[in-house]
Amino acid sequence: MEKMDLIGIVCDEQCTPGKYYCLLCPKCKGGRLMERSLSLHVIPTGDFAMWRCFQSECGWAGRIFADGRLAFNEFSRTAKLFGGTAKKSLILEPLGDELITYFSKRMISQETLKRNVVMQTADRQAAIAFTYRQNGQLVGCKYRTINKKFWQAKGTEKLFYGIDDINDADELIIVEGEMDKLSVEEAGFLNCISVPGGAPTKVSTNAVASIQKDTAYQYLWSCKDLLDKVPRIILATDSDEPGQALAEELALRLGKHRCWRVDWPYKDDFNRFKDANEILVQLGADALKKAIEDAKSYQLCDTDEIQVEEDLESFHEPS
């Protein structure tokens, strides 16, 4: 029952092995008539449970094992993988020693991994599986190898990673990747979400499109009602040019008046640390916490940049 609760399947009573139960499907909510269309069966030994939704437009099905492994029908779809395709069914299982060690080197604790239900694919070359959940329900998954190759199941809805962590937040932090979201948690901030994809190469010169046409940022518009309630938003994107372009694009849509921007500290005379995880690994959790707490008003940052540009122009003017 604990494992099923992680993916949004809630039993009204104790699930007795060997019996069948009709429940409300967390995917389709029972359709238009809100029927209890999800058939759940726990096998007599209690080793695993299986389910299927009989709503014709839903059909969600899968299995969950007592040892924590998961198998879902949506993970059987063709996935975009390194420019090609893969059609094998993907099963998730708890992180093994190799990936736990990998995260440990990145200063991510097992407690944080467990809280965010980070898992791995059940195959020879296990990949990290960042599970995306909304309202407690598993709605998607993003995969990553140790060598930083990424892919998602085809048709996965774009959604902020960690969206359930800001349901009651009066301040939130937005970062550029799942690893950075976990890093910010290690610094003591749970009110953090990550964009689901990469950053733009540069800020668009066009005006912000209408919500319907602003497809690259649908993950933002899909939770607009939730974000509109937050008076202070800290943008902690990467320090490189794409990361700063992402911060600008987000601020344009969220409203610069309520945005603050993190300037990562310098690691040498010319270069800043790239992101939250690099700060955590190189300087520690306290330094990461301070960098976030020292975020500057986005409007003040804009004013400072304009002043610098004016000073440079004045410096180059002929006498």
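## What helix H2 packs against

In this predicted model, the buried residues of helix H2 pack against quite a list of neighbours: helices H3 (110-115) and H4 (178-186), plus strands E9 (118-121), E10 (128-134) and E11 (137-144). Which residues of H2 are buried? Within the helix, which runs over residues 97-105, they are Leu99, Tyr102 and Phe103. These three sit on the same side of H2, because they cover an arc of only 95° around the axis. There's a handy rule behind this: an α-helix has 3.6 residues a turn, so residues three or four places apart point the same way.

Now look at the face of H2 turned away from the buried side. Here you'll find the exposed residues Asp97 and Lys105. After H2 comes methionine 107, and its phi is positive, near 70°.

## A nonpolar patch on the surface

Val203, Val208 and Leu252 form a nonpolar patch on the surface. Together they have about 210 Å² of accessible area.

The protein averages a pLDDT of 82, and 86% of the residues score at least 70. Over residues 75-89, though, the pLDDT is below 50; this stretch has 31 contacts in the model beyond near neighbours in sequence. Residues 305-319 also have a pLDDT below 50, with 1 contact beyond near neighbours in sequence.

Terms used:
Residues numbered from 1 in each chain as written. Predicted model: local features only at pLDDT ≥ 70, side-chain atom pairs only at ≥ 80, totals over all residues. Heavy atoms only, no water. Buried < 20%, exposed > 50% of the residue type's maximum accessible area, 1.4 Å probe, protein only. Helix = DSSP H or I, 4+ residues; strand = E, 2+ residues; numbered from the N terminus. Arc of directions from axis to C-beta. Contact = heavy atoms within 4.5 Å. Patch = residues over 30% accessible without salt bridge, like charges linked within 9 Å, V, L, I, M, F, W, Y side chains within 5 Å. Areas by Shrake-Rupley, 256 points an atom, 1.4 Å probe, with all protein chains shown as cover. Salt bridge = Lys/Arg side-chain N within 4 Å of Asp/Glu carboxyl O. pLDDT = per-residue confidence, 0-100.
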